[in-house]
Amino acid sequence: NCQRIKIIKDRGEYFINEKYRVIHEEPFQIGNTLIYLVSDKMKLPGDLTPSINPFYGCSRSLMFLSQLNILDLPLNKEGYTILMPCFDSWEFLELNLQFLENNMTAINSIMKNLIIDGLIYSDSKDTTFETKNLLGDSILVQAERLHNGEGTELNLNLSSVGTKIKIKNDLDLFFSQGVVHPLGQLYLPKSVTVTLIDLIRTTGTTQLIELFEKFDDLSSIIHGNKPYSLLVPTESSLSLVGDILNSTKLLNLLKLHVIEGDFTSSLLHCEGNVTTLLGDSLF
């Protein structure tokens, strides 16, 4: 197969595919031929796992691919583009990650939606084409170059994913069946949704769902799509206020645990104006 190579400059030296150092910046010239000496015998890119830079933090994605038995992809005539969540993209999910780890159907949909037929590089031009993801679904891909303060970046629109996927410049990782793009965040396909009900159940405090459903306004919150932040008590702490759970004070107790809007960052850093539905300010 034809293979592309990547040449990068790092602290005044040139490297090929992040592995092979060009010994002399100026080549030897023999007739019309230029000869560059490199530090080691060059090899074509190998299997997926050893081709991933360990410093990019892609181990969790590789673990999921291994569990799904798709580290070795079926042969195709075009090669593959893998959009791989790396760096802190999984850890940032926190409770969402705990839910997904217990739901391999969702993981299967996420990972296979991010593997598509055809080769897209970080220096690709604007283009639109139809292809398939690893699920076998036909998708429309739109690649668009955008200018930022440091130059340009490539944004991908996949019809199966709800938000634009940002491709980092020059991080293309080549392997024997195509190219991998390490992503700085996780992009969920439209087929995967994580609801408040899912997250409450993940905490283990399922009794809270029953308590919310006693009141129409609160039930619409946990079954709706509007953004809310919930302070979920542990199952054991609910047992300590058993007398309130069957009293008229229950509604106020529950409102004390609900914040309208997404205030996750403010809650984690104990900052900002965060007010519960009961009207109490937390900070």
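Visitor: Which order do the strands of the open sheet of 3 strands follow?
Guide: In this predicted model, the open sheet has antiparallel pairing, where two strands pair if DSSP finds at least two bridges between them. Strands are DSSP runs of E of at least two residues, helices are runs of H or I of at least four, and both are numbered from the N terminus. The edge strands, each pairing on one side only, are β1 (7–10) and β3. The order of the 3 strands is β1-β2-β3.

Visitor: Which residue in β2 does K9 stand opposite?
Guide: Strand β2 covers residues 13–16 and runs antiparallel to β1, to which 4 bridges join it. The residue of β2 opposite K9 is Y14.

Visitor: Where does P27 lie, and which residues is it in contact with, leaving aside neighbours within four places in sequence?
Guide: P27 lies in the loop between β3 (20–21) and β4 (28–30). P27 counts as partly exposed because its relative accessibility is 23%, with buried meaning under 20% relative accessible area, exposed over 50% and partly exposed in between (1.4 Å probe, protein chains only). Contact means heavy atoms within 4.5 Å. On that basis, the contacts of P27 are L34, I35 and Y36.

Visitor: What distance separates the C-alpha atoms of P27 and L254?
Guide: Along the chain, P27 and L254 are 227 residues apart. Their C-alpha atoms are separated by 73 Å.

Visitor: Why does the pair of F64 and W90 tie together parts that are apart in sequence, and by how many residues?
Guide: Rings of Phe, Tyr and Trp (its six-membered ring) pair if their centres lie within 6.5 Å; planes under 30 degrees apart count as stacked, over 60 as edge-to-face and the rest as tilted. F64 and W90 form an edge-to-face pair, at 4.9 Å centre to centre with 70 degrees between the planes. F64 lies in helix α2 (residues 59–67) and W90 in the loop between β6 (80–85) and α3 (95–101), so the parts tied together are apart in sequence by 26 residues.

Visitor: Is W90 buried or exposed?
Guide: W90 is in contact with residues including F64, L97, L100 and L186. The relative accessibility of W90 is 1%, so W90 counts as buried.

Visitor: What is the centre to centre distance in the pair of Y121 and F174?
Guide: Both Y121 and F174 are buried. Their pair is edge-to-face, with 90 degrees between the planes. The centre to centre distance is 5.8 Å.

Visitor: How many residues has the largest nonpolar core?
Guide: A nonpolar core is a set of buried Ala, Val, Leu, Ile, Met, Phe, Trp, Tyr and Cys residues joined through side-chain atoms within 4.5 Å. Those with the most contacts inside the largest core are M84, W90, L100, L156 and I165. The largest core has 47 residues.

Visitor: What is the relative accessible area of T205?
Guide: T205 lies in the loop between α5 (196–203) and α6 (207–212). T205 touches residues including I200, V232 and L238. T205 is buried, because its relative accessible area is 2%.

How values were computed
Residues numbered from 1 in each chain as written. Predicted model: local features only at pLDDT ≥ 70, side-chain atom pairs only at ≥ 80, totals over all residues. Heavy atoms only, no water.
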